[in-house]
Amino acid sequence: MQQERAQGDGEFERRYLSYVSARNDSLVLYGAGLGEALHTIPLTVGYLSISAVDPAREHTAVRADDILASHSRVMVRGVAGSGKTTLLQWLAVRAAQDGRESNLPHRRIPFVLPLRTVVSQRRSLPDPGQFLSAMHVPLSGVQPEGWVHRVLAEGRGLLLVDGIDEVAADRREDVRQWLDDLLSRYPDTQCVVTSRPSAVRDAWLENSRFAEFHLAPMPLDDVRAFIRLWHAVPRPSGDDREAAALAEALIAVVARRRELAQLASNPLLCALLCALHMQRRGFLPSGRTELYEAILSTLWGRRDRERSVGDPEGISLTEEEQRALLQRLAYWQQLNGTAEISREQAVALIQRLIRGMPRVASQAGADQIYRHLLNRSGVLREPTVESVEFVHRAFQDYLAAREVVDSADTGLLIGRAHEDVWEDVFQLVVGVARAGERAELLRRILRRADSEPQHRVRLVLLAGAALEASTMLDPQLRQEIVDRLTELLPPRTREEAAELARVGDLVLQLLPGPEQYSWLSPEAKLVVHTAELVGSPSADNFVQRFTALPDTEPAPYEAWVPDRPVVSPLLVNSSTTRTDPPPAVHRSLELTGGEGTVDVAAFVGTVREVVCRGDAALPIGILSRLPLLHTLEVVDNTLLTCLDGLRELRRLRTLRVRGCPALQDLTALEHTSVMFLELAQDPGLAVLRGLAKARRLRVLYLPDAAEQLAAGALARHLPGVRIRAAAGFCL
């Protein structure tokens, strides 16, 4: 009889374990809102081991899926989307597959009990004999009588209890008592319980000898691996190569944008980023506001509805009601310069708000509303028993920005925009505001920059960074901001680099990247130096991108000019006539002989530096067709008297003039973006005064001028311009 029972148990266990493995071997992305109701990924393909922190051991991090190797009873806490449910699925699958890839004891039998389902269906919690029916296992009707009891009595059970926070508050004590009774009857049963951090007090299961762990955010290496795995999943209508390319593109974007790196450290939010990125064929929303709005829409309500959680606290808030309450909490924290708010203060704020929200006030008091937001909004957590904070600073900034716009409190924002804790809020306000409000905000910031020299650099950079969020903006205002940025970027001296670096991470959004340079030129080195002085993790990533640039300038080449002598730096004493097309890629170009009929089509997307040599008018028609032109050198032109036409070269930043003795008019530079000017021959004070209105000019190099000229009369005419007359000056 006993042998027959053992045989029957063994056959049923094999069927049950196959079911558990198949049932849990899927990772479901809830609430993506991307045209698919649910997006399913095989767990065995998409699972990445999560780190867990043991607060009792000085925050020692371990692999979450190995915690049962050293603890038989564990409570795992984690914020919304941190991977709690997925961890239990993974433990169930590994146990069902006979523990071949884990440290779990041989042939543990897993029982996954999602409390939101178990508790909602019955007034009392299930006895072991009811586990399978409570889990809706199709095999429950054919299980051998007493089988679950025998498994637990033999010490082979693995009880996986998911979602204490998804049980109504007045039933959570029943759950605790149920667990205590169950484990007292079957003390060798392994058990893992999950909850959001704030749902129950610390050491809630201490009497039942549970160890506590907190799921940790994913480090950047895990984020990269997660993104690659997410994109590696086969899709019915997908190109594997395209998916791999999208993955690498997203990894690069996450590395550049610190707010994305912060969000991507949460597995759910990282999956949402992947889905948003793929749905837009490689483009995330151009502004953070749309990105945050898409994520919050998922977290607020839709995810719980799809998971059939219902209203465990007996409270039902619309998305707009949650938004109104959370915006006010976020703005209070922003105004008070803190990432936390006391529980008492939060409840008091909610109490004042719900007086004007009768539907909310009719459902519960402020304390219960606070608890509901904490447990269900997905954006709040309790770092201590008496305080609350947003799970990501990005959400606090975004919701505070929405409150600034809704309450029309832009005056305070303008007055505090120079403070680093307000820079993200300002950029988000620009993204959220209506077109007229946006333009007025940016104009007021520029006026403040003009009136407060001590904050000028930061405020101009702030306006520049906000352009990304300005989908609709008056073209003249946009151009004014761009023009002001050209006065600051890129830095021309180490002093300027230090001034920019004091602004912090903000400057990294605006500095030119390595793709703007063909080699590690002096200018590129100053850009790198600026980032090094910033010294943040984002700055380290920025610097790392420059390591692929060569240390020396690529060899120059001959330029093709039909039927015209061409001089190259390598061929100083030779000239030739070319009738064949030029090489494919060039970054610098040397022209002689004036305008002519030069075909510059091959150079349009690459050339950044041009040398114009010889007695001829400046070839403005050619130069204006080179949109990347950054540096112009005019050499040995005895006929040149003025610089008219340079205003057409919008990106020109550096101008060097040598061997041009007839040059007597510099006033045309007033209308250019030239920041560095070198005049090898001193044209005299009268001519140099013509630079007085060249407001973008930052450095004037006069190697042949007397030092007294630079230090005296000329300096008075060119305030704000660094004048160098020493022959040893090096930019």
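This is a predicted model: local features need pLDDT of at least 70, side-chain atom pairs count only at pLDDT 80 or more; totals for chains, interfaces and linings use all residues.

Colleague: What is the mean pLDDT of the protein, and what share of its residues reaches 70 or more?

Modeller: The mean is 78, and 80% of the residues get to 70 or more. Residues 99-105 are below 50, and that stretch has eleven contacts in the model beyond near neighbours in sequence.

Colleague: What makes helix H21 largely enclosed by the rest of the structure?

Modeller: Helices here are DSSP runs of H or I with at least four residues, strands are E runs of at least two, and both are numbered from the N terminus. H21 spans residues 456-466, and ten of its eleven residues are buried, so the rest of the structure largely encloses this helix. Buried means under 20% relative accessible area, exposed means over 50%, and partly exposed is in between (1.4 Å probe, protein chains only). The buried ones include Arg458, along with Val457, Leu459 and Gly464. Among the elements covering them are helices H19 (420-432), H20 (435-451), H22 (475-488) and H23 (494-501).

Colleague: How do you know that glutamate 13 and arginine 156 meet in a salt bridge?

Modeller: The N to O distance between their side chains is 2.7 Å. A salt bridge asks for a side-chain nitrogen of Lys or Arg within 4 Å of a carboxyl oxygen of Asp or Glu, so the pair qualifies. The partners sit in distant parts of the chain, 143 residues apart: glutamate 13 in helix H1 (residues 2-24), arginine 156 in the loop between helix H6 (147-153) and strand S7 (157-162). Arginine 156 also meets glutamate 154 in a salt bridge, at 2.8 Å, N to O.

Colleague: Why is glutamate 13 called buried?

Modeller: Its relative accessibility is 5%, so glutamate 13 counts as buried.

Colleague: And how many salt bridges does the structure hold?

Modeller: There are 28. One of them joins the side chains of arginine 171 and aspartate 174 at 3.0 Å, N to O. Elsewhere, shared partners tie Glu293, Glu319, Glu320, Arg323 and Arg402 into one network of salt bridges.

Colleague: Why is helix H17 called oblique to H19?

Modeller: The axes of H17 (residues 393-406) and H19 cross at roughly 55 degrees and come within 8 Å. That angle makes H17 oblique to H19, because under 35 degrees counts as roughly parallel, over 145 as roughly antiparallel, 65 to 115 as roughly perpendicular and the rest as oblique. Residues of H17 including Tyr398, Ala401 and Val405 meet residues of H19 including Val425, Leu428 and Val432.

Colleague: What stands out about the phi of arginine 209?

Modeller: Phi of arginine 209 is near 60 degrees, which is positive in a residue other than glycine. Arginine 209 sits in the loop between strands S8 (190-195) and S9 (211-215), and with a relative accessible area of 59% this arginine is exposed. Alanine 408 also has a positive phi, about 55 degrees, without being a glycine. Its place is the loop between H17 and helix H18 (410-416).

Colleague: What makes alanine 408 exposed?

Modeller: A relative accessible area of 61%, so alanine 408 gets that label. Alanine 245, in helix H9 (residues 240-256), has 48% and is therefore partly exposed.

Colleague: How do you know that the peptide bond from leucine 489 to proline 490 is cis?

Modeller: Omega is near -10 degrees there. Proline 490 lies in the loop between H22 and H23.

Colleague: Last one: why is glutamine 89 called buried?

Modeller: Its relative accessible area is 13%, so the label applies. Glutamine 89 lies in helix H3 (residues 84-96) and, leaving aside neighbours within four places in sequence, is in contact with Asn24, Ser26 and Leu43.

Key
Residues are numbered from 1 along each chain as its sequence is written. Side-chain values use heavy atoms; hydrogens and water are left out. pLDDT is the predictor's confidence in each residue, from 0 to 100. Contact means heavy atoms within 4.5 Å. Axes are lines fitted to C-alpha atoms, for helices over the stretch in contact, and angles run from 0 to 180 degrees between N-to-C directions.
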